[in-house]
Amino acid sequence: MAGNTEKKMLSADLPAELVSGFRTQTSQRSFRKKRALSGAVKLWLSLPVDLQVHVISGGCGENVLKGLLETYLSHGKPER
């Protein structure tokens with residue numbers, strides 16, 4: 001991110017297990033939570049709409065990246 005970029009707060013109530021896992025992993029890997037969340041949002045924004053729908057519908061299962069790759073490879077390159 002650029003140095004003097006305008007910033008806005010983004011928050012959500014998430015399952016406790018998801019938040020605990022995120023906190024544990026970022027702490028163990030010495031990642032800043034803000035940077036990890038920023039990376040996750042950038043990844044989300046780069047996904048085509050059909051893959052976003054697949055993720056939020058639970059179609060990827062627990063391993064979202066694996067589910068996305070399997071969907072992408074089995075259905076060909078999605079349109080943006």
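Me: Why does Arg32 count as exposed?

Reply: Arg32 has a relative accessibility of 59%, and exposed means over 50% (buried is under 20%, partly exposed in between, with a 1.4 Å probe and protein chains only). So 59% clears the cut-off, and Arg32 counts as exposed. A quick caveat: this is a predicted model, where local features need pLDDT of at least 70 and side-chain atom pairs count only at pLDDT 80 or more, while totals for chains, interfaces and linings use all residues. Residues are numbered from 1 along each chain as its sequence is written, and side-chain values use heavy atoms, leaving out hydrogens and water.

Me: Where does Arg32 lie?

Reply: Arg32 is in the loop between α1 (16-28) and α2 (33-46). Helices here are DSSP runs of H or I with at least four residues, numbered from the N terminus.

Me: What makes Ser30 worth a look?

Reply: Ser30 isn't a glycine, yet it has a positive phi of about 55°.

Me: How does the reach of α1 compare with the expected span?

Reply: The expected span is 1.5 Å times one less than the number of residues. α1 has 13 residues and reaches 18 Å from first C-alpha to last, close to the expected 18 Å.

Me: And Lys33, is it buried, exposed or partly exposed?

Reply: Lys33, in helix α2, has a relative accessible area of 43%, so it is partly exposed.

Me: What makes Lys66 and Glu70 a salt bridge?

Reply: A salt bridge needs a side-chain nitrogen of Lys or Arg within 4 Å of a carboxyl oxygen of Asp or Glu. The closest N and O atoms of Lys66 and Glu70 are 3.9 Å apart, so the pair qualifies. The structure holds 1 salt bridge. Lys66 and Glu70 are 4 residues apart in helix α4 (residues 64-75), which means about one helical turn separates them. Glu70 is partly exposed, at 46%.

Me: Which residues make the nonpolar surface patch?

Reply: Leu10, Val41, Trp44, Leu45, Val49, Val53 and Ile56 make a patch of about 710 Å². α2 and α3 (49-56) are the elements giving two or more residues to it. Patch residues need over 30% relative accessible area and no salt bridge, with nonpolar side chains joined within 5 Å and like charges within 9 Å. Val49, in helix α3, is exposed at 52%, so its area passes that 30% cut-off.

Me: Which residues form the positive patch?

Reply: Lys7, Arg32, Lys34 and Arg35 form it. Lys and Arg count as positive.

Conventions: Accessible areas come from the Shrake-Rupley method with a 1.4 Å probe; for residues, only the protein chains shown count as cover. The place of a charge is taken as NZ of Lys, CZ of Arg, CG of Asp or CD of Glu.
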